[in-house]
Every structure is written in structure tokens, then in C-alpha cells.
Amino acid sequence: MRKNHLAVLLAASMVVSMTACGQKTEDTGATATAAPTTEAATEAPTTEAPTQEKEGTYTAGTYTGTTPGMKGDMTVEVTFDEDSITDVTVKDHVETYGIGYGMSTTPVEVMPEKIVKAQSVNVDSITGATITCMAIKRAVSDCIEQAGGDPKSMAQVSDSFDYQDNMETDVVVVGGGAAGLSAAITAAEAGADVVLIEKQGITGGSTTRSGGKVLAAGTSWQTKQDFEDSPEQMYDYLISFSKGLIDEDLLKLFCDNSAENLTWLEDIGMKVKDVEPIHSSLTPWRVHNSEGGGGQTSGHGGQIMVPLNDRAEELGVRFVYNTSGKELITEEDGSITGVKAETADGKQITVKGKAVILATGGYASSEELMSRYQEFLPSNKNTSVPAGNIGEGLLMAEAIGAKNFESEGLQLVYVSYTCGVGINEESGLIVSASGERVVNEWSYQSHVAEALAQAKSPKGYYIATDNDPNPTVQYGLTLDSTVKAASVEELAQELSMDPAVLKATVDRYNELCAKGEDEDFGKPAEYMIPLEGDTYYAIAMNPGSSVTFGGLGINENSQVLDTQDQPIKGLYAAGEVAFTGLFGTEYPCCGMAIGSAVYFGRVAGANAAAEE
């Protein structure tokens, strides 16, 4: 049972990205362990270093270092002659596909060559993949010490950026996530020359970190699993979340083309595993998992992004890495004809073209732009989006007269980071920080989170007794961090709540359980389990968000609109930078963000390529 609890806890730490359900990870210190082996000792490896025949920098031979990586241990093998590092090979790892490995720009492929070329472990990490880079450098450092060298004395070797000051192209894409790569591929397939500017050292953005889920209706995968679905049914479901904020035409376009959109991704190279509901209350099942994914897991988005990246490279898209778009170039007639950008080392470059596509992602890492949610989200540390997601595309477009809608909503989840309560289908009593019940607890996690956000609650609490049937809750009750008391009133005091409020909430909940009908919020009777026992518990649920709503307004051609709702010539947008009209105030289902980003990215690419 403990193993299952640990799996649940791991899922809890991952779910917060939800660019349709993704991952938050932190770098870890390493205690490198290594056993040197000589090239000759293949049959009977020895733990002793080879005998040095002559005095040199290193004791020649091959050594092995093991260190914690992003998701588990990594083993690196390093070969030396007397005076140099001759080879570095990552032998074993469980890094995230599309971040740690899998592309021509990812650490497993790039870092060994950099270290050998520099003859130093003190080389620059790849922005966007620093955890894996640091793991490789730690393991190599350990091997250097085994060989008699001193990694601390090695020179610092920094990357140099050799970019043209002025570049000419047909289509400029800013941002290399799902929307940007889909746009670049579509434009290139239409015959356009494409330059893609990417802020990090790798493509992928939030999508690679996500669960790799795509929303679609009327697909062959649904048929295989005996689900009948249609674009009309998906539209009816999604529009029900509108609250006057969803553009019916945009949503209908996405729904009508969602099955073809998934097929396009499969043709590019995405491998679909199956279709699932995410929550039992959401039927028919229409969330399509990429290979390896499923449930509330993350780090599978590379199964989407690596094929997109490879296809873009194959088509000759020119990538400009470690570079941020800073300003749109505007002609006298108001049309957009390029981007002024800045490399990581401060060099100013200009890329001119017939059209610009903004695909810069959202703003979940911007303290300033996220501050309007501070009543229920005091900080957004629980996010896995790249640090570069600070809304630069929004600000660039707003500066030339584009409409920037500041939505009240965003993808949100309240979850316990000790036991995972909040991301599965736990269905007991959940209260706000003031002790009031605000929602049908047996509903999709974003719906629960939206209700807590509307209550301006910076925390939620799952109130339980020993009879709660949920395994994640039972695990949570065993933890020292879980607040417990002998009465509801004492529990309220521990939580700094008004005891009368929490007591009234619990009494009303138990009354409804006894009736067998949730008259207040409509939770199904089978999930109305009364709070009974000698001890009362409160599991804290903390808010976190990754997908931001609102942003630039676009039309059905993915053209960016000005403040008068007129298209700005030469300017297109797709993905999280332009989610206005696609979301209400809550995230309706995993897979919506990636699916719509890919679709409107393709629309943007096709129309930008045709721009005169």
C-alpha cells in the first residue's frame, strides 16, 4: 500500500502544470557515486584506478559516475588519456523525453560534446533543461576527481552566440511550444521560409512538461473504446463553461476540426496510447493520451513536441535559440513586418518578414501579471511552466495596439503536496479557508478549484474522519503534517477558523448525508459519506496554476485583433498567448490547451504563409 501512496504523492507533485496536466520539479543536490573501470577490464571490472604510466593531468582510463537527475539516477561514463577528457557518454538515465533527451538540442545529446570540446565541466547549461545539465556535470566532475583531476580548477567556458544582426524571411514565429512549432511546420509545408525565435535553449515550452493530452471528438480511438462522440457534443460541453467569455465561432472551429487535428499530430509522429475521461463525471471519454501517459501524470508531452521539433528541422525551419522577442516592427500603414529581439548575451538582432506569429505562451511565471489573482493565489510557486513565461508576447502586441483581455479565470487546482488529495476523485467534505462548503466535491478538480477561488480562499481543507473510503485520504490521515483534533470546534481553532462556522458546515453536511440527497450542491448520494468518529482531520489543499486565460484576441484566421476588433495586418497568434474566447473562468478538461494551441497554430501558419 505504501508504494501506491508514494505513486499518488508523485502524481500530486506533477499535476500542477496542467497545460493539460503537468509537472513541477526542483533541482536536487547530488551525492555522486562512482566505480572506475578500465577500458581493458571488460571481463572483470576493477574498482581500482589504472596504473599511471607517466605523469600527466589524469590517470588514463574510463570511469563511471552516478548522480540524481531530474526523475531518477543518471550514470555517466568518462574516458581520459593522460592529458585530456576524450569521451563523455550518458549510459543510463530516466530523464524527461523532450527536455533531458530526444532532440538535437537536449542535454544528453549536447552536453557530452560541449564538455569534451571545452575540456571543462564548467560549461553553460541549456536554458530550459538545467536540471539534466547539472546532473551530467556532477557525474562528470566525480569522474574527473577519480581520474586525479580537479573540476573546480577548470576554466569557465561560456557559449557564444553567432547570430546575424539582420535576418530576412517570409514568416517569423516567436515561441517554440506546441502552437509555435505547429505554425512553423504548416507555414514551411506551404512553401514559406520560416525563422523561429525561441527564448530557451530547447523547444517544447509548457507542453513538454505536461501530461501530453489532446482533446478531440469523433476519433477512431473513441470508436475503438466503444465511445460515441461528435464535435457537437464536445462543443455543447465546452460552451457550458462560457460565462459570456467564450467565442462561439472559435470554439466551434476547434471542435469541428479536433479529430483531424489529432490525426495531423499522429501523421507528424505523435503516438496515441488511448482515450480516457480524466474524471468519471466527464463522459464520453475524449482526452487522448500520448504514449506513456494516462491519468494525472506529467512529463509525457515530449511525445508530442519531439516529433514536431524533428519535422520543423526536416523542413528547414531556421531556429534562433536563447533569444527573446522584444518589439514588433510596424510599418506606416500599421502592418507588422518583423521582430526586434535580444539574445541571452545581450546582442540585438532583427528578423524581418511578411508576417509574424506570436506563440510565446502565457504569463504564469510573471509576478506582476499574476498579481490580480492574489486574493486566492498569493503566489504561484506551484507551477511547472518555464520561467520565461512572463507574458512578453502579450506586451509586445499590446504596445502596437492589440487588444489584451485580462481574464478573471485561469487553470487552477487545489492539492495537498503531502498526500495528493485534490487531484483524484476524493469526494468527502471540502471547505474554504473560512470553513464553508462551496462545491460538489465529486467533480473535476478545476471545478472544485474554481469554487474555492470564487470564495477568495487561499487554501482549501479536506475535512475527514477515519471512515473516509479514499486511499489517498487514509494515507493523509497518517501524516504528522495533517491537522487533527478531538472535536470540530477544536479543529477549527487549529485552522484559525470560526468554530461556529465549521461546526455548522459539518452538521449540515451530515444532515444531507442522512437524507441521502445533497440539496445544496447536488453531489451524488453514493458519495455522501458522513463525518463520524472520535478524531477529525484537516488536509490542507494549496492552490497552483499553470495555464493562463485571456490574452490576445484572434479571429477565425488566427489574426490578432486591435482594440476595435479589427485584424492587424501581418500579425497572428496561437496558443496560450491568445486564449481569449476559448475559455471561460475555469479549465474544462485536460487536453484543451494543447489541442487548441496546435489547431490555431496550424491556422496561423497557413494564413501567415499566404500573406502578401
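## Surroundings of H279

The side chain of H279 comes within 3.5 Å of the backbone oxygen of S443, and a polar contact of 2.8 Å links the side chains of H279 and S281. A polar contact is a pair of N or O atoms within 3.5 Å; within protein, one atom must be able to donate a hydrogen and the other to accept it, and residues adjacent in sequence count only if both atoms are side-chain atoms. This is a predicted model, in which local features need pLDDT of at least 70 and side-chain atom pairs count only at pLDDT 80 or more, whereas totals for chains, interfaces and linings use all residues. Residues are numbered from 1 along each chain as its sequence is written, and side-chain values use heavy atoms, with hydrogens and water left out.

H279 is placed in the loop between β8 and β9; helices (H or I, at least four residues) and strands (E, at least two) are DSSP runs numbered from the N terminus. With a relative accessible area of 2%, H279 is buried, where buried means under 20% relative accessible area, exposed over 50%, and partly exposed in between (1.4 Å probe, protein chains only). Not counting residues up to four places away in sequence, H279 touches N424, E425, W442, S443 and Y444, contact being defined as heavy atoms within 4.5 Å. H279 and C590 are 311 residues apart along the chain, yet 9.8 Å separates their C-alpha atoms.

A cis peptide bond joins T283 and P284, with omega at about -5 degrees.

P284 is one of the residues in contact with D229; leaving aside neighbours within four places in sequence, the others are A216, A217, G218, Q222, M234 and R286. D229 itself lies in the loop between α6 (220–224) and α7 (231–239) and counts as buried, at 14% relative accessibility. The side chain of D229 makes a polar contact of 2.8 Å with that of Q222, and another of 2.8 Å with the side chain of R286.

## Positive phi values and an exposed loop

Most residues other than glycine have a negative phi, and most peptide bonds are trans. D226, in the loop between α6 and α7, has a positive phi near 65 degrees. This residue is exposed, with a relative accessible area of 68%. D565 also has a positive phi, of about 65 degrees, although it is not a glycine. D565 lies in the loop between β22 (559–561) and β23 (567–573) and is partly exposed, at 42% relative accessibility.

S379 occupies the loop between α11 (367–370) and α12 and is partly exposed, with a relative accessible area of 39%. Between S379 and G61 there are 318 residues in sequence and 50 Å in space, C-alpha to C-alpha.

## Nonpolar cores

A nonpolar core is a set of buried Ala, Val, Leu, Ile, Met, Phe, Trp, Tyr and Cys residues joined through side-chain atoms within 4.5 Å. The largest such core has 122 residues, of which L358 and L552 touch the most other members. Helix α17 (residues 592–609) contributes the most to this core, with eleven residues. A second, separate core comprises 31 residues, among them Y58, M103, V123 and V140.

On a 1 Å grid over the protein atoms alone, a cavity is a set of points where a 1.4 Å probe fits but cannot get out, and a pocket is an open set with protein on both sides within 12 Å along at least five of seven lines; lining residues have an atom within 4 Å of a point. Grid points are joined across faces, edges and corners, and a volume is the space filled by probe spheres set on the points. The structure holds five cavities of 30 Å³ or more, and the largest cavity contains about 450 Å³ of space. Its lining has 38 residues, with G177, A359, T360, G361 and N389 nearest the centre. The elements giving two or more residues to this lining are α4 (178–189), α5 (205–209), β11 (323–330), α12 (392–399) and α17.

The largest pocket has a volume of about 620 Å³. It is lined by 21 residues, of which V110, K114, I126, D159 and N322 are the closest to its centre.
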